[in-house]
Amino acid sequence: MIQKKNSIYLLALLAMVFCTLPAYSQTSTPKKENHSKLFEETTTDSDYLTAIEKASAALETAFNDADFDGETRHLFGEIKRTQGKLDLILASVKGANPNVRNQQMYRVVLKEIEQDLEEQNTAINLRNTNLEKIKGRLIELRKDKTLMSLIKDTIRRKQFKNEFANLRKKYLSTDSLMTKNQSRLNDKKRLTVQRKIAVSNALVTVENTLEKSGISILKKEYPSLWSINDSVSKKGTSQNIKAKIIIEENVAAYYLSYRAGGLITLCFFMGLLAWYISRNIKYLRTNGHVENLSLLDFKYLNRGILLPVVVIGLNIAVVSNLYAPALFLEILQILLLGALTVLFKNKWSANSLRNWILLIVLFCALCFLDLFIGVGFIQRCAFIVINILGIRYGLVQLKSIKEELYIKGFFKWASIIFIGLNGLSILYNIFGRVTLSNMLTLTSFISLTQIVALSVLLKIILEIILLQIYTTRVKRGIEKIFDYESLSDTLKKPFIIVISYMWLIVITSNLNIWESLRTSLNALLSRPNTIGSITFTLGNIVLFFIIIWAAHLLQNYVAYFFGEIEDENEENINKRQHSKLLITRLVVLIAGYLLAVAASGMPLDKLSILLGALGVGVGLGLQNVVNNFVSGIILIFDKPIQIGDVVEISSESGRVKSMGLRTTKINAPNGAEIIIPNGNLLSQNITNWTYTDNFKLVEINIEITGEVDPEIINSTILETLKEIQLINNDRTPQIFYTSISGDKFKVLIKFWCSIYRTEEIISSARQSLYTKFKTKGLSFSS
């Protein structure tokens with residue numbers, strides 16, 4: 001009504017401007033005024049021109065604003081694409097198999113289309129509002145008294161005939177454009193409303209189908225197996241299969257295009273991972289160390305890169321496409337099983353590989369029955385046969401596969417679930433709960449195959465980490481094979497949590513209970529709780545501790561990516577790398593704690609109260625803790641000592657094993673580990689033998705007896721020391737004669753050697769000098 005009223009106002013105004021008005025009678029003679037007209041208000045031609053120009057500019061601006069911009073045309077394109085998606089989904093909902101996977105995908109896509117339609121409707125309303133504002137600006141022209149007086153003055157109006165003609169032309173073009181665009185917007189709005197109704201109806205249909213397929217033990221869906229009377233002809237069955245194949249192909253193709261962006265991103269990251277692995281393997285092969293990978297118990301990466309990366313990508317694709325249509329998901333599963341089969345070839349025993357192939361054959365037959373065969377006597381009997389074979393497989397043949405897996409603990413539960421779900425499926429099938437029976441059968445096979453795939457995934461990830469550690473160590477000149485078994489046991493613990501979560505997601509999504517579990521869990525975690533004046537949610541607390549745990553886990557494991565493990569050679573320690581590692585750990589911890597505080601949702605005013613309480617705690621009893629923490633940070637950046645340094649602190653001496661934010665560990669020569677608070681390190685004198693380099697000046701006292709010149713003694717000593725590789729010959733050894741008496745020479749020898757092997761080098765030097773002087777017929781003592 002308001003819109004129509006404004007239009008009437010606008011038309012009335014423009015009619016006044018552009019239509020011929022009745023001539024006003026101007027025969028009346030104005031009264032003569034006796035006083036002066038110098039100070040009277042008069043309207044000049046310039047004022048009239050200004051008013052006309054103002055109206056012309058307003059019309060031109062209105063024309064430009066009313067024209068659709070690129071963003072609006074993009075909106076119309078989105079509306080057209082939404083219609084294409086909606087048509088395909090509505091056709092699929094009517095004709096596709098009512099399996100849980102397809103219905104879940106329909107629900108997700110329909111909800112997204114519903115959201116798109118809502119956003120498009122909002123955008124259309126905004127553009128309608130803008131058109132109304134443009135009309136309002138034109139109506140404002142009525143308030144221009146100069147323009148209105150010119151319209152009423154017939155004589156004056158003829159004077160500005162050309163200006164009025166241009167003004168009329170702009171008005172007609174603006175009016176035509178606004179009317180056209182208003183009509184287009186109304187048509188688009190009508191379409192979005194109709195589509196929202198269609199989406200709402202389709203969602204009701206999908207929700208009803210999902211509700212019927214839910215776990216309901218007592219509700220009967222189809223007649224009991226002994227009551228079925230199938231009379232469908234073979235021709236009708238084949239036509240039905242063809243029709244279902246076409247529908248499933250269309251749905252899978254649509255989902256593939258719908259998720260194309262995410263799948264391309266996954267392929268991109270898998271390509272980066274393949275490049276990263278190939279770079280390390282190429283380096284090892286170039287330097288002749290690639291054969292040592294078998295010594296690290298590598299089963300997959302030493303046989304090629306492509307298949308392990310494909311297995312990782314397919315595992316992620318299966319878990320990240322929970323609401324994919326059945327055909328798409330089952331194709332992913334079959335591709336994953338095929339890649340695993342190639343990996344298992346020549347690695348598994350013949351019996352285990354044969355049983356694995358039998359499992360794949362049963363799974364493929366099950367997928368075909370579920371997707372393309374309508375519910376009937378033949379299909380139900382075929383499902384029961386597969387269930388019986390599955391139970392026998394779980395009881396007899398599954399043990400051979402378990403022995404080949406890296407992780408065997410979860411396989412026990414997977415076997416129990418596999419046998420139990422197949423048994424329940426037979427009962428539900430017999431008594432008419434066919435949809436539930438089919439769902440349980442598929443879940444049993446997917447849960448079993450997925451735990452095998454996730455076990456292989458874990459092994460491949462551990463091999464990638466071990467490959468990085470070994471390659472980094474080789475680059476640093478450390479070729480010794482480290483204790484990979486204990487390291488793998490340490491690394492796999494957090495990954496077991498991740499793959500357990502992935503496995504549970506796959507099982508619950510196939511049972512159609514993941515969405516309800518996630519909704520219930522979100523409701524529990526997001527429910528606000530109040531203690532005093534503080535309001536919090538359980539989710540924020542859980543997230544806080546998860547981030548803290550992840551930060552500590554990452555700062556512990558980040559050393560492995562630098563090639564750092566416990567059994568390093570002392571002489572090959574890269575001190576600069578250790579300093580970078582300490583700084584990285586510090587940054588990870590600080591960032592983790594800051595992120596955890598931000599994720600907890602704690603208000604800043606409450607945080608200031610907490611920090612104030614912490615300050616009181618520091619003043620009362622945490623001075624030493626804070627002192628050691630700050631001292632640790634100073635040690636990291638100031639670097640008076642670094643990991644691998646040989647130091648003397650007070651009465652203690654040894655090699656620095658590790659540096660933390662609170663304490664520093666030192667390995668003493670007798671094997672003891674000395675733990676010194678960082679505050680004590682900064683408050684005491686530190687003797688660092690390896691601050692500049694790893695060499696130490698050592699002394700040997702020897703006595704030579706015999707008739708010999710000192711020059712021969714000097715040359716013999718220098719020649720002997722030069723032959724010992726562990727001595728630093730870049731610095732010339734020093735020879736001093738402390739005593740010369742007849743044929744006796746007491747000599748002091750000083751030379752530089754590695755501080756980590758001082759006693760070994762001194763012993764070697766004495767032995768070599770003894771041998772040299774003995775061959776010259778001289779008596780030697782030390």
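Lys-492 is buried, its relative accessible area being 19%, whereas Asp-489 is partly exposed at 37%. In this predicted model, the side chains of these two residues, Lys-492 and Asp-489, meet in a salt bridge with an N to O distance of 3.5 Å. Both residues belong to helix H16 (residues 484–510), where they lie three residues apart, about one turn of the helix.

Lys-170 forms a salt bridge with Glu-60, with the closest N and O atoms 3.5 Å apart. Because Lys-170 lies in helix H7 (residues 161–212) and Glu-60 in helix H2 (residues 45–66), the pair ties together parts that are 110 residues apart in sequence. Lys-170 is partly exposed, with a relative accessible area of 27%, and Glu-60 also counts as partly exposed, at 43%.

Lys-772 forms a salt bridge with Glu-723, the closest N and O atoms being 3.6 Å apart. Since Lys-772 is in helix H24 (residues 758–775) and Glu-723 is in helix H23 (residues 710–723), this pair ties together parts that are 49 residues apart in sequence.

## A positive patch on the surface

Lys-299, Arg-303, Lys-347 and Lys-408 gather on the surface in a patch of positive charge. Of these residues, Lys-347 is found in the loop between helix H11 (326–344) and helix H12 (350–372), and Lys-347 is partly exposed, with a relative accessible area of 38%.

Note on methods. Residues numbered from 1 in each chain as written. Predicted model: local features only at pLDDT ≥ 70, side-chain atom pairs only at ≥ 80, totals over all residues. Heavy atoms only, no water. Patch = residues over 30% accessible without salt bridge, like charges linked within 9 Å, V, L, I, M, F, W, Y side chains within 5 Å. Areas by Shrake-Rupley, 256 points an atom, 1.4 Å probe, with all protein chains shown as cover. Salt bridge = Lys/Arg side-chain N within 4 Å of Asp/Glu carboxyl O. Lys, Arg positive; Asp, Glu negative; His and termini not counted. Charge placed at Lys NZ, Arg CZ, Asp CG, Glu CD. Helix = DSSP H or I, 4+ residues; strand = E, 2+ residues; numbered from the N terminus. Buried < 20%, exposed > 50% of the residue type's maximum accessible area, 1.4 Å probe, protein only.
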